[in-house]
Amino acid sequence: MHTTPHPYYRHTDPAACWTTHRNRQDLTFWTSVTPDDDADIDTTTSHLAARTSLSTTTTLTWLSIVQLLRHYPVLAAHNHDLGLLDHPRLRAIEHALIAVDDPDIITEVDKHLTTFLTPTKAAEALPGPTTIRRFLTPPPHRTRHPAAEHDTHPRALGIHFRTTGTGHTQIQAVLAADDALDIHTILRATATAEDTTLHDALLGLLRGTMHNPKVVYNLYGPDGDTPTYLAGAGYLDDRQARRWAERITHTRTMDPPAHTTTLTYRPTEEIIRAVKGRDGTCRGPEDCGIDAEACDVDHVLNHTDGGPTTPSNLQCLCRRHHLRKTRGDLNLVMDAQGVWSWTYPDGDVVVTHPRGPLSRPGTLFAQSFMQRRAQRVNKRRTRPDPGGDNPGGGTTLLNNPHNGQSPPRAVVGRGASISRV
Ligand SMILES: [Zn+2]
């Protein structure tokens, strides 16, 4: 008789029980030494750093994690049950949520993040720090939590110059992800057009000896609403979304490409957008978190073996995971429900999920709840695509047939590409 396997995270199986044991022990220790929220955190940090021989930064992060978890009891209990989260994952959560002080948002985040960190399939890969950070981004409001006064993360936006004294100057820029993507995209396009380096492209643009090339961006969002996700940068807050909405030149419905097949080996631009929008990051078995925009689009079943060029047979893989699959270090099998499982040479199996803006509803939490924007799931907008695959700019509008059928999924309906002129 066939039975459905119990869902669990891959790292909690018996072979890796030391991980869950260590995770619980870490939190048990730090919980026992973390003072009340209003205690003198500097003195406590200094004292504990001396006792543990850890850096003050690491010590302070642990204290902040424990203080944060006190406000997220559902997550804390879930984490204790499964021994789930290690220091990098807890740090990602602490970093993303430290500024959240609205009790209603905290309650909702507590519930949704716990759901997000609950396995739905057997042998599932535990979300990595990058995936967790993506899920929780953007923070809803930048109101300051008392603990944030001690936050050591470099959040202040700005550009800083530091002369090294060795004939070089270091420039550090801390930018919003969408601004950084803008700069990176323009620099790469300029470097390609001028056949030069990013360094020379930057100087050429600033000095006026080179000109802004035409570049294309891809946005995803609900039908009839502002965009919510910028490919290569992640979810947008309201201010960013409004700004990018003004730059949209094409809108495109994403459902037809999701079911389109092309006879060629290389997928069409529409199919690529459907695959990257669905996966969000590399689908490799360790949840490396590398953005889909930096990934190859790989045939699950090789094209030469009859694998069709269609989203259901395509996935995003970073270069490292793509090479391992090509070399045969890892095998990929797909079940009748379309779930892909990685198989190691010893038969061990790991399952990964797509996490892009076109994937399952839970992924949309970051934009659907954190931004507190009304979702208009029943409104369909159709406009013919005059520009096809949008080779050098233009506008495409895409529509989603899930509208009204399954509201959470309907939010993924619209994808848009925009171009700079
Ligand atoms: Zn990867």
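Two residues are taken to be in contact if their C-beta atoms, placed from the backbone, lie within 7 Å. Helices (H or I, at least four residues) and strands (E, at least two) are DSSP runs, numbered from the N terminus.

Good morning. The model before you is predicted, so local features need pLDDT of at least 70 and side-chain atom pairs count only at pLDDT 80 or more, while totals for chains, interfaces and linings use all residues. Residue numbers start from 1 along each chain as its sequence is written.

I begin with the chain overall. The protein chain has 15 helices and twelve strands. Of its 421 residues, 35% are buried; a residue is buried if 20 or more other C-beta atoms lie within 10 Å of its own, exposed if 12 or fewer, and partly exposed in between. Among contacts in the chain with a separation of 6 or more, 67% join residues 24 or more positions apart.

Now to the helix pair α4 and α6. Two packed helices are described by the angle between their axes and the distance between the axes. Helix α4, residues 73-82, packs with α6 at an angle of about 25°, and their axes are 7 Å apart. Axes are lines fitted to C-alpha atoms, for helices over the stretch in contact, and angles run from 0 to 180 degrees between N-to-C directions. The two helices are therefore roughly parallel to each other, as angles under 35 degrees count as such. On the α4 side, Pro 73, Val 74, Leu 75 and His 78 meet Asp 110, Lys 111, Leu 113 and Thr 114 of α6.

I turn to the interior. A nonpolar core is a set of buried Ala, Val, Leu, Ile, Met, Phe, Trp, Tyr and Cys residues joined through C-beta atoms within 7 Å. The largest one has 32 residues, and those with the most contacts inside it are Ile 65, Val 66, Leu 68, Leu 69, Ile 93, Leu 97 and Leu 136. At least two of its residues come from each of α1 (17-33), α3 (56-69), α5 (87-97), α6 (103-116), α7 (129-135) and β11 (349-351). Helix α3 supplies the largest share, seven residues.

What does Leu 69 contact, leaving aside its neighbours within four places in sequence? Leu 69 touches Leu 75 and Ala 76.

Lastly, Ser 46. This residue is found in helix α2, residues 41-52. Ser 46 counts as partly exposed because it has 14 C-beta neighbours inside 10 Å. Ser 46 and Thr 57 lie eleven residues apart in sequence, with 9.8 Å from C-alpha to C-alpha.

Terms used. Parallel < 35°, antiparallel > 145°, perpendicular 65-115°, else oblique.
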